[in-house]
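My entries follow in the order in which I checked things.

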Amino acid sequence: MQKAGVDITYALLPLAEFHSGLPETKRMALLLSLLAFALIFTAIMNYILVVLSSLVARMKEMAVYKSYGATGKNIMNIMLLETAVHLVLALLLSVFLILLFRGKIQEILTVSVSALFTLRTMGILAVICLLVFLISGIIPSWLYARIPVSSAFRSFKESRRNWKMVSLFIQFIAAMFLVSLLVII
């Protein structure tokens with residue numbers, strides 16, 4: 001073959017690098033990352049909107065805590081504990097659903113469910129859960145801690161809807177972004 005002018009060389013490439021180096025794989029990873037971000041952002045916005053929709057109803061509760069000496073740090077701890085309970089319940093529900101639909105997940109992904117939960121993916125999941133916990137807990141607690149005690153006992157009614165409209169607008173944009181990504185993928 002060398003006399004004919006054909007030169008053949010062999011090289012060993014790790015399969016992971018070969019697959020992850022393809023432009024299609026990089027593009028799909030980017031699209032799926034954007035989709036995951038949009039899903040998480042929408043879920044955070046939903047949670048914050050649900051928590052803040054009960055602002056007027058819970059205002060008296062927070063005012064009672066403050067009148068008994070609770071500080072902003074105590075209010076933050078209450079809200080963070082509430083967020084932690086909700087996050088743990090959501091994680092338990094997701095584990096239950098994964099176990100319930102294990103066969104379908106393995107059929108779609110052609111990978112066993114146990115192979116999906118490596119140490120690296122569990123670390124990434126822990127970081128994402130921590131970020132969701134902090135964002136979903138700190139924003140409502142900051143707003144609840146700013147409520148003056150006197151306004152809660154004067155039958156305060158919230159008439160300003162601007163912040164609700166802005167957050168609803170942001171949520172609709174995130175939902176449309178999510179739908180667009182789903183159509184593209």
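**Notebook: helix packing and buried residues**

I began with Ser 136, which, its neighbours within four places in sequence left aside, is in contact with Ile 44, Tyr 47, Ile 48 and Thr 83; contact here means heavy atoms within 4.5 Å. I noted that this is a predicted model, in which local features need pLDDT of at least 70 and side-chain atom pairs count only at pLDDT 80 or more, while totals for chains, interfaces and linings use all residues. Residues are numbered from 1 along each chain as its sequence is written, and side-chain values use heavy atoms, with hydrogens and water left out.

I placed Ser 136 in helix α7, helices being DSSP runs of H or I of at least four residues, numbered from the N terminus. Ser 136 has a relative accessible area of 4% and is therefore buried (under 20% is buried, over 50% exposed, in between partly exposed, with a 1.4 Å probe and protein chains only). I also found Ser 136 and Ile 48 to be 6.1 Å apart in space, C-alpha to C-alpha, although 88 residues apart in sequence.

I then turned to Thr 83, which lies in helix α4 and is buried at a relative accessible area of 5%. Beyond its neighbours within four places in sequence, Thr 83 is in contact with Tyr 47, Phe 133, Ser 136 and Gly 137.

I next looked up the two helices themselves: α4 (residues 72-100) and α7 (residues 119-145) pack at an angle of about 140°, with their axes 8 Å apart. The axes are lines fitted to C-alpha atoms over the stretch in contact, and angles run from 0 to 180 degrees between N-to-C directions. By class, the contact of α4 with α7 has 14 nonpolar, 5 polar and no charged residues (Ala, Val, Leu, Ile, Met, Phe, Trp, Tyr, Cys and Pro count as nonpolar, Asp, Glu, Lys and Arg as charged, and the others, Gly among them, as polar).

Last, I checked aromatic rings and found that the structure holds 1 aromatic pair, where ring centres of Phe, Tyr and Trp (its six-membered ring) must lie within 6.5 Å, and planes under 30 degrees apart count as stacked, over 60 as edge-to-face and the rest as tilted. Phe 37 counts as exposed at 56% relative accessibility, whereas Phe 41, at 30%, counts as partly exposed.
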